Amino acid sequence: MDPLELLGQPVRLRIVHALRGGRTLTTSQLCARIPDVSKATVYRHIELLAAGGILEVAEERRVRGAVERLYRLRQDRATIDAGTAESLTPEDHRRGFAVAMAALLAEFNAYLDKEHADPAADLVGYRQHAVWLSREELLELITQMRRAILPVLDNSPAPGRTQYLISPIQFPIEQPSADPD
């Protein structure tokens, strides 16, 4: 299975999110991180991600006679490269967007289902803004967002840090007109 197909499934995408930042987690820890999905389903998707090279075994240890594996994300395999992205059809984009939104919705619902969820205190945001941009302005906006996000992408878990899911999305909702009126 290629990375596009492997990452094109909401549960697998959530597993990838859980392992970002250099984390190593066991299957049990991943099941606890994604409690709204059955353990059998999480196990099956971990196996697929490992077989496809997206995850690797970081460590194995004996626990009560069984072998427990800690998995880590292979950053180099967990992305869609520019060449692949450029070759996607509109239907590929439709499926990819649906998967991203399904994973986002599942993560948000799982957050809200937690006993101590506090959207105000946690600075939860989901605003949408319709803005008018030229291609150059859009490219500059994308560059600025990347500059803001790139330095923190490799942050690892640490005391006082909470993992946030940030999903910048942009697409035109109107075509440019020749007459600005």
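**Aromatic pairs and a helix crossing**

By the ring-distance rule applied here, the count comes to 3 aromatic pairs. Good morning. Please keep in mind throughout that the structure above is a predicted model.

I shall begin with two of these pairs. Phe108 and Tyr111 form a tilted aromatic pair, with 6.2 Å from centre to centre and 35° between the planes. Where do Phe108 and Tyr111 lie relative to one another along helix α6? They are 3 residues apart in that helix, and therefore about one helical turn separates them.

Are these two residues buried or exposed? Phe108 has a relative accessibility of 29%, so it counts as partly exposed. Tyr111 has 17%, and because buried means under 20%, Tyr111 counts as buried.

Phe108 takes part in another pair as well, this time with Tyr126. That pair is edge-to-face, with 5.8 Å from centre to centre and 75° between the planes. Here the pair links distant parts of the chain: Phe108 belongs to helix α6, while Tyr126 sits in the loop between α6 and α7, and 18 residues separate them. Tyr126 has a relative accessibility of 66%, so this residue counts as exposed. Taken together, Phe108, Tyr111 and Tyr126 are linked by ring pairs into a cluster.

Let us stay with helix α6, which covers residues 90-113. Ala98 is also found in this helix. Its relative accessibility is 46%, and Ala98 therefore counts as partly exposed. How far apart are Ala98 and Pro10, in sequence and in space? In sequence they are 88 residues apart, yet from C-alpha to C-alpha the distance is 8.9 Å.

I turn now to a pair of helices. Helix α2 comprises residues 10-19, and helix α4 comprises residues 39-51. The axes of these two helices come within 10 Å and cross at roughly 75°. Angles of 65 to 115 degrees count as roughly perpendicular, and α2 and α4 are therefore roughly perpendicular to each other.

Which residues make the contact between α2 and α4? On the α2 side they are Val11, Arg12 and Ile15. On the α4 side they are Val42, His45, Ile46, Leu48 and Leu49. Sorted by class, this contact has 6 nonpolar residues, 1 polar residue and 1 charged residue.

To conclude, I would ask you to find two places in the model. One is the cluster of Phe108, Tyr111 and Tyr126. The other is the crossing of α2 and α4 at roughly 75°. Thank you for your attention.

Note on methods
Residues numbered from 1 in each chain as written. Predicted model: local features only at pLDDT ≥ 70, side-chain atom pairs only at ≥ 80, totals over all residues. Heavy atoms only, no water. Axes fitted to C-alpha atoms, helices over the stretch in contact; angles between N-to-C directions. Helix = DSSP H or I, 4+ residues; strand = E, 2+ residues; numbered from the N terminus. Parallel < 35°, antiparallel > 145°, perpendicular 65-115°, else oblique. Contact = heavy atoms within 4.5 Å. Nonpolar A, V, L, I, M, F, W, Y, C, P; charged D, E, K, R; others polar. Buried < 20%, exposed > 50% of the residue type's maximum accessible area, 1.4 Å probe, protein only. Phe/Tyr/Trp six-rings, centres within 6.5 Å; stacked < 30°, edge-to-face > 60°.
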